[in-house]
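Good morning, and thank you for joining.

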Amino acid sequence: MNKSTEGPVYHLNLNREDIQGARIALIPGDPGRVPRIAKLVHSQAHEIAYNREFRTFICSFKNENILVTSTGIGGPSTSIVVEELAQLGIRSFIRVGTTGAIQENIEVGDVIISTASVRLDGTSVDYAPIEYPAVASHEITQALIEAVQSLGIRFHVGITASQATFYPGQERCDTYSGSVIPRIKGALEKWQSLKVLNYEMESATLFVTCSTLGLRAGCVTGVVSNLVKQTIIQKSGLELAEQRAIQVAVKTLDVLILPKFLS
Ligand code: URA
């Protein structure tokens, strides 16, 4: 569905012409990370829109145009990005984000590739009933695994819990109230015992919106804290984790520009 003749899409403030035939988007949460990612893809990358939390750069990679668009935090704004970029022609999405690990063996600076997500996001139920699985595209996941292996970065592949909230949903008690409601108490331990690797806040929405709309999605995150060991987020760990997740996502473009991903 091409709505470009009716003007720009509402939130992203982009027209189909602006994205110059791009089919692939890298989607970090943070607008501040957008130029950093885009300039790693190509030094001539430039901004084409910035409205609210949605910032978009365009860059070229081996004769293909690639978008880098921020989603903001959480499901509602992530669903907006998928909806509006799909209308403009994007078919493959890679989330590049940060995460908190919930398994003992996962360290700050490691990278996690999500094969599927527990749907705690709240947003994805507007796309499909809760029984519908939130799964990544196997082709994009495979490309992410090949990329991380080629870079020699420590990584983990598995299931992610995708939460609606950063504080109570991830059982953080270092908050104003200092506690969480009974429904949530023990959730972290439960997901940990079910071999879930980590908490983040966008992948379930991304996977369900993309699967139900016939689009491809993958997710790579850098570990900024370990919620079991209660490591607090430090600047050095954050920078390392962000840098590694970005390197993996950008490296994946070598595979994603193959014709099968551009249709
Ligand atoms: N993002 C999350 O949702 N949780 C964390 O602990 C870190 C990043």
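**Strand E5 and its partners**

Strand E5 and strand E9 (residues 198-200) pair in the antiparallel sense over two bridges. Within that pairing, Gly100 stands opposite Tyr199 in E9. Before I continue, a word on provenance: this is a predicted model, in which local features need pLDDT of at least 70, side-chain atom pairs count only at pLDDT 80 or more, and totals for chains, interfaces and linings use all residues. Residues are numbered from 1 along each chain as its sequence is written, and side-chain values use heavy atoms, with hydrogens and water left out.

As to terms, helices (H or I, at least four residues) and strands (E, at least two) are DSSP runs, numbered from the N terminus. Two strands are said to pair if DSSP finds at least two bridges between them.

E5 itself spans residues 92-101. With E1, E5 pairs in the parallel sense over five bridges; there, Leu26 has Ile94 in E5 as its bridge partner. E5 also runs parallel to strand E10 (residues 216-226), and 10 bridges join the two. In E10, Gly218 is the bridge partner of Ile94. How covered is strand E5? Nine of its 10 residues are buried, where buried means under 20% relative accessible area, exposed over 50%, and partly exposed in between (1.4 Å probe, protein chains only).

I turn now to strand E3, residues 54-61, which is mostly covered, with seven of its eight residues buried. On one side, E3 pairs with strand E2 (residues 46-51) in the antiparallel sense over five bridges. Tyr50 stands opposite Arg55 in E3. E2 and E3 form a hairpin with two residues between them.

**Positive phi values**

As a reminder, most residues other than glycine have a negative phi. Which value does Arg52 take? Although Arg52 is not a glycine, its phi is positive, at about 50 degrees. Arg52 is placed in the loop between E2 and E3 and is exposed, with a relative accessible area of 61%.

Asn13 is another residue other than glycine with a positive phi, near 60 degrees. Asn13 sits in the segment before strand E1 (24-28). Its relative accessible area is 41%, so Asn13 is partly exposed.

**Two buried residues**

Thr71 lies in the loop between E4 and H2. At 2% relative accessibility, Thr71 counts as buried. Contact here means heavy atoms within 4.5 Å. Leaving aside neighbours within four places in sequence, Thr71 is in contact with residues including Ile27, Pro28, Phe54, Val81 and Glu202.

Ser79 is placed in helix H2 (residues 75-88). Is Ser79 buried or exposed? Ser79 is buried, with a relative accessible area of 10%. Apart from neighbours within four places in sequence, Ser79 is in contact with Thr123, Tyr127, Thr205 and Thr209. Ser79 and Thr205 are 126 residues apart along the chain, and their C-alpha atoms are separated by 6.5 Å.

**The chain as a whole**

Finally, the overall picture. The secondary structure comes to seven helices and 10 strands. The radius of gyration is 17 Å, close to the 18 Å that the globule rule gives for 263 residues, so the chain is as compact as a globular protein of that length. That radius is taken over C-alpha atoms, and the globule rule is 2.2 Å times the number of residues to the power 0.38. Along the principal axes, the C-alpha atoms fill a box of roughly 50 × 40 × 30 Å.

Of the 263 residues, 54% are buried. Among contacts with a separation of 6 or more, residues 24 or more positions apart account for 75%. The chain exposes about 11500 Å², of which carbon and sulfur atoms supply 53%; accessible areas come from the Shrake-Rupley method with a 1.4 Å probe, and for residues only the protein chains shown count as cover.

As for charge, there are 24 positive and 25 negative side chains, and the centres of the two sets lie 3 Å apart. Lys and Arg count as positive and Asp and Glu as negative, while His and the chain ends are not counted. The place of a charge is taken as NZ of Lys, CZ of Arg, CG of Asp or CD of Glu.

Thank you for your attention.
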